[in-house]
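Okay, thanks for coming, everyone.

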Amino acid sequence: MPMRARRRPSPQRRARARAAREGVGEVLELRIGEPAHGGACVARDTSGRVVFVRHTLPGERVRARVTSVRNTLAWADAIEIVEASDDRVSAVWPQAGPSGVGGGELSHVAPPAQRRWKEHVIAGQIRRVGGEALAEAVAAIGGVRVAPAPGDGEPGDRLAHRRNRIELVIGADGAPGMHVYRGKRLIPLDSMPLSAPAIAGLGLFDNDSPWRRVWAPGERVRALSPTPGSAYVVCASGVYDADARRTGSGTLAWPVEIRGEEHIYRVRPSGFWQTHVRGAQVLAEEVLGAARAGTGGAVLELYSGAGLFTVPLARAVGEGGRLASLEGDEGAVADAADNLAPFPWAQTFIGGIDAEGVAELAGGLGCPPDVVVADPPRAGAGRRVCEGMAALGAPRLVLVSCDPAAGARDLRALTGAGYRVESLRAWDLFPHTHHVEMVAALTRA
């Protein structure tokens, strides 16, 4: 069989690649402007080009090294702070600083200023992505305030040790690390100050760590802390407790107190769960309040995961009510079915979440839903799913969004399909990152 000749890149492609390299490494002196979605601030260089600068704060003057260039835009890391903001603090996680790992891009920002940063970004995305009509509607209900999780708002609290789940990659020498921001280079970690105390106490990053006998180079490893006193390590060879003993359980128990009542959720070690130690509680209570599901009511839930919201919603509607949930991940549906065993009136389904799937789920509910709850992934539900939700005509919709731009797009689609925003609340469940959670309640216009 004759070999095919290898095609050379076209002149246009070579020119684009050359342009992408030009200017990388250049050091600019910049005055920093407003925060942008994604964890950087906006600045302009002497030519007027927009530069997105990480590891800085509005109002600062910095020297920044260009890390990438695309068309008329550039991205840079602040490497010297010439004039510092009053909101700047010593970094909680220095290894997430310039040229460091991703996942802690705001660790140099005082916690109250992190929340103001996120409020500014949400407002900007609602206006730019959602449109003027949505921005005016949100302003009419008081705008958006980003609240701290319970216990996170104390003065002077640096918000370390809040993550009950961390993900690591094992290097060739057996040392755990994380990838450089938007890169393939693996950086060995010397600590992880954002991890929950039980995870921090495992000794994962010690040079003589016993965990190096458990995992292998190249593996992706997860450390979990379902309760303040417990920690587990999940790797290819199994699930291990804090003493590096393999456990035989296929699920881990995550206790969550919701409105004064404790719920125990069983979730696969590889499954999704909220990262903040109080995140599950915050969102479950917020969704339950926004849904206003009453005894005998009918609830439709999309992207239901392991049943975090499904369980309290099923309890709220009671034995005379109806609940149907839809999720695309088979393992999550299995977890949800176990968690909902005490509530036989709640049905869990696995399937693709699209307009047709929404209509089919509603048909199986047996009556019109009183409320539809949706917690889509970071990309959002999308226009067609939102239109499918609106077509059901439920008196209330509840939308959970973990990305301001995607949330704004979904809200625009829902308000365009006949709903109005009744409330929009946001929570800082990802301290030291640009991520934020929003919960919106909508009613028929």
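Let's start at the lining of the largest cavity: it draws at least three residues from each of domain 1 (11-88) and domain 2 (122-153 + 258-444). The domain bounds come from an automatic or database domain assignment, and that assignment also gives a domain 3 (165-251).

Quick housekeeping. This is a predicted model, so local features need pLDDT of at least 70 and side-chain atom pairs count only at pLDDT 80 or more, while totals for chains, interfaces and linings use all residues. Residues are numbered from 1 along each chain as its sequence is written, and side-chain values use heavy atoms, with hydrogens and water left out.

What do I mean by a cavity? On a 1 Å grid over the protein atoms alone, it's a set of points where a 1.4 Å probe fits but cannot get out, and lining residues have an atom within 4 Å of a point. Points are joined across faces, edges and corners, and the volume is the space filled by probe spheres set on them. By that rule we get three cavities of 30 Å³ or more.

Back to the largest cavity, then, with about 60 Å³ of space. Its lining includes Ala36, His37, Trp117, Lys118, Pro404 and His434. Helix α2 (residues 111-130) gives the largest share, four residues; helices here are DSSP runs of H or I, at least four residues, strands are runs of E, at least two, and both are numbered from the N terminus. By class, the lining has six nonpolar, four polar and one charged residue. For the record, Ala, Val, Leu, Ile, Met, Phe, Trp, Tyr, Cys and Pro count as nonpolar, Asp, Glu, Lys and Arg as charged, and the others, Gly among them, as polar.

Let's stay with Lys118, which is found in helix α2. Is Lys118 buried or exposed? Lys118 counts as buried, because its relative accessibility is 1%, and the cut-offs are under 20% relative accessible area for buried, over 50% for exposed and partly exposed in between, with a 1.4 Å probe and protein chains only. Leaving out residues up to four places away in sequence, Lys118 touches, among others, Asp428, Phe430, His434 and His435, where contact means heavy atoms within 4.5 Å.

On to the second largest cavity, at about 40 Å³. Arg165, Arg222, Trp254, Arg268 and Trp273 are among the residues that line it. The elements giving two or more residues to this lining are β10 (220-224) and β13 (252-258). Here the classes come out as seven nonpolar, one polar and three charged. And where does this cavity sit? It lies between domain 2 and domain 3, because both give residues to its lining.

Now helix α3 (residues 132-140), where Leu134, Ala135 and Val138 are buried. They cover an arc of only 100 degrees around the axis, so they sit on the same side of α3; the arc is that of the directions from the helix axis to the C-beta atoms. Those buried residues pack against α2, α10 (404-416) and β20 (419-428). Turned away from that side, you have the exposed Ala133, Glu136, Ala139 and Ala140. Just after α3, Gly142 takes a positive phi of about 100 degrees.

One last stop: Val358, in helix α8 (residues 355-365). Val358 counts as buried, because its relative accessibility is 0%. Beyond four places in sequence, Val358 touches Leu300, Leu302, Val385, Gly388, Met389 and Leu392.

Conventions:
1 Å grid on protein atoms, 1.4 Å probe; cavity = no way out; pocket = protein on both sides within 12 Å on 5 of 7 lines; lining within 4 Å.
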